[in-house]
Number of protein chains: 2
Amino acid sequence: MASRKSRPERRQEPLSRERIVAAAVELLDTVGEGGLTFRALAERLATGPGAIYWHVTGKNELLAAAIDAVIAPTLAGDDTGTTPQEAIRSLALGVFDAIDAHPWVGTTLAQLPRTPGKSPMLRVFERIGRQVQALRVPEAAQFTAASALLSYILGVAGQNAANTRAAQANTDPANTDRAAFLDAVATAWRELDPDQYRFTRDVAGQLREHDDRAEFVAGIDLILAGITAGRADGRTRP
Amino acid sequence: MASRKSRPERRQEPLSRERIVAAAVELLDTVGEGGLTFRALAERLATGPGAIYWHVTGKNELLAAAIDAVIAPTLAGDDTGTTPQEAIRSLALGVFDAIDAHPWVGTTLAQLPRTPGKSPMLRVFERIGRQVQALRVPEAAQFTAASALLSYILGVAGQNAANTRAAQANTDPANTDRAAFLDAVATAWRELDPDQYRFTRDVAGQLREHDDRAEFVAGIDLILAGITAGRADGRTRP
DNA sequence: ACCTGAACACCGTTCAAGT
DNA sequence: ACCTGAACACCGTTCAAGT
């Protein structure tokens with residue numbers, strides 16, 4: 001009685017690369033890295049595992065696309081009107097925040113080759129490089145400077161992902177209490193052998209008031225200071 | 001006739017954690033990351049897959065132990081009699097060379113949590129930290145400095161592993177011609193859209209005379225310069 | 001105490017067959 | 001052109017049963 005022709009069912013939208021990647025991101029966010037399975041993905045998309053292969057060559061490409069979907073938006077911002085240092089800081093923080101929100105990104109990101117097009121890393125590299133040029137770094141040193149910044153960002157990304165995973169393993173998966181995790185690490189560090197781990201014990205206390213994000217920018221500033229060291233405009237915070 | 005009691009067969013040495021880890025390293029070195037399988041490992045040790053579990057809790061622990069076996073020896077050196085900068089450089093290069101010789105280390109290393117004991121990363125952190133203290137970095141900044149250096153090292157490790165893998169994928173697995181790979185990347189970079197990838201195209205030429213190892217130390221020196229910036233003894237190369 | 005190896009519960013990927 | 005889902009060739013891990 002209601003309607004002559006029933007509307008097309010919601011779940012019968014045609015499959016597409018975008019829908020698949022979106023579902024993959026959702027799966028990764030909710031179930032974690034181990035949860036991304038062609039079978040689970042197929043079920044979520046109300047189809048069979050084989051269907052996905054028509055739109056995507058395999059799991060590697062799917063993962064790369066998922067990472068790209070999460071990282072690319074953070075690179076949309078505009079750099080004009082700020083100092084190069086500020087631009088690099090906000091660029092780096094954008095990547096940091098994206099990884100913080102999607103911890104699974106950090107795990108894989110660091111080991112994607114910096115190949116053209118495919119990898120979002122090349123876009124980050126390019127953006128950093130332009131600011132390095134704006135810093136008037138001599139041409140021969142530009143590659144080194146941009147690479148160092150990118151490597152640092154990737155290193156922190158990996159460590160951060162490892163920490164989130166460890167935090168989730170220690171407590172129940174629902175409770176990602178970062179502070180409690182840091183406390184546990186600090187306590188463990190303080191119990192290390194004083195002869196073998198003098199320094200680690202010394203800095204264990206600093207873990208308590210530790211802010212991952214602030215620490216991350218501090219590292220960026222350290223590298224920026226190194227890049228501009230010995231120059232008239234060498235101050236990092238202008 | 002030869003001997004009354006036959007000597008125990010070579011392959012019947014009892015299983016032990018060390019033998020298992022050694023076999024795992026060998027497998028990883030020869031067949032790569034995907035080659036480390038409990039079945040393949042069991043075959044190499046002339047036993048069943050289940051036997052391994054009596055000595056090792058699972059694959060994660062096995063991988064961590066394999067990494068430890070490769071990294072730990074590089075930390076054996078003595079730091080006395082050199083400047084802190086030199087000590088940090090040689091420490092970092094030790095890790096770099098170990099990863100270069102065993103590319104599979106780079107993939108996993110970056111995502112091991114810096115937990116006590118388990119991870120070789122904590123030992124590296126400790127060693128770096130001591131030299132940071134020797135650099136007379138103010139106490140409040142020591143953690144940041146040591147963390148930045150470690151993150152950078154881990155980031156390069158991951159990138160390096162990714163590059164070796166990409167190089168092996170492009171050419172036949174036997175031929176890990178790094179130079180040819182860099183050439184291919186340089187060419188690809190030069191073909192990028194000039195509007196979108198201005199910087200990357202600019203530095204593509206530098207890839208040709210690029211030396212991974214030298215580039216790595218240059219980055220370390222950049223961070224060291226940042227750490228000591230603005231101080232009387234601020235020069236990195238004394 | 002230590003080893004064996006079949007069995008369990010999964011994977012990614014392929015591919016004939018359908019529409 | 002696009003989808004289906006059974007089938008293939010694997011995994012890590014467990015565990016009864018052996019010595």
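Q: Which residues of chain A does UniProt list as "DNA-binding region", and how is that known?
A: The "DNA-binding region" label comes from an unreviewed UniProt entry, which lists residues 37-56 of chain A. UniProt positions follow the numbering used here, feature names are shortened, and annotations may be inferred rather than shown by experiment. This is a predicted model, in which local features need pLDDT of at least 70 and side-chain atom pairs pLDDT 80 or more, while totals for chains, interfaces and linings use all residues. Residues are numbered from 1 along each chain as its sequence is written, chains are lettered from A and ligands numbered from 1 in the order written, and side-chain values use heavy atoms, without hydrogens and water.

Q: What is the helix and strand content of residues 37-56 of chain A?
A: The span is 55% helix and 0% strand, and its end C-alpha atoms lie 14 Å apart. Helices are DSSP runs (H or I, at least four residues), as are strands (E, at least two), numbered from the N terminus. For "domain: HTH tetR-type", also from an unreviewed entry, UniProt lists residues 14-74 of chain A. That span is 64% helix and 0% strand, with 29 Å between its end C-alpha atoms.

Q: Why is the pair of H55(B) and DNA strand C called a polar contact?
A: A polar contact is a pair of N or O atoms within 3.5 Å; within protein, one must be able to donate a hydrogen and the other to accept it, and residues adjacent in sequence count only if both atoms are side-chain atoms. A polar side-chain atom of H55(B) lies 2.5 Å from a phosphate oxygen of DNA strand C, so the pair qualifies.

Q: Which elements supply at least two residues each of the surface near DNA strand C?
A: They are α2 (38-44) of chain A and α3 (49-52) of chain B. The largest share, three residues, comes from α3(B).

Q: How many residues surround DNA strand D, and which are the closest?
A: The count is 17, the closest being T47(A), W54(A), H55(A), R39(B) and K59(B). Sugar and phosphate account for 47% of the atoms of DNA strand D that come within 4 Å of the protein.

Q: Which polar atoms lie by a phosphate oxygen of DNA strand D?
A: Among them are a polar side-chain atom of H55(A) at 2.5 Å, a backbone N or O atom of F38(B) at 3.1 Å and a polar backbone atom of L36(B) at 3.4 Å. Three residues, the largest share, belong to α3(A).

Note on methods. A residue is near a molecule or strand if one of its heavy atoms lies within 4 Å of it.
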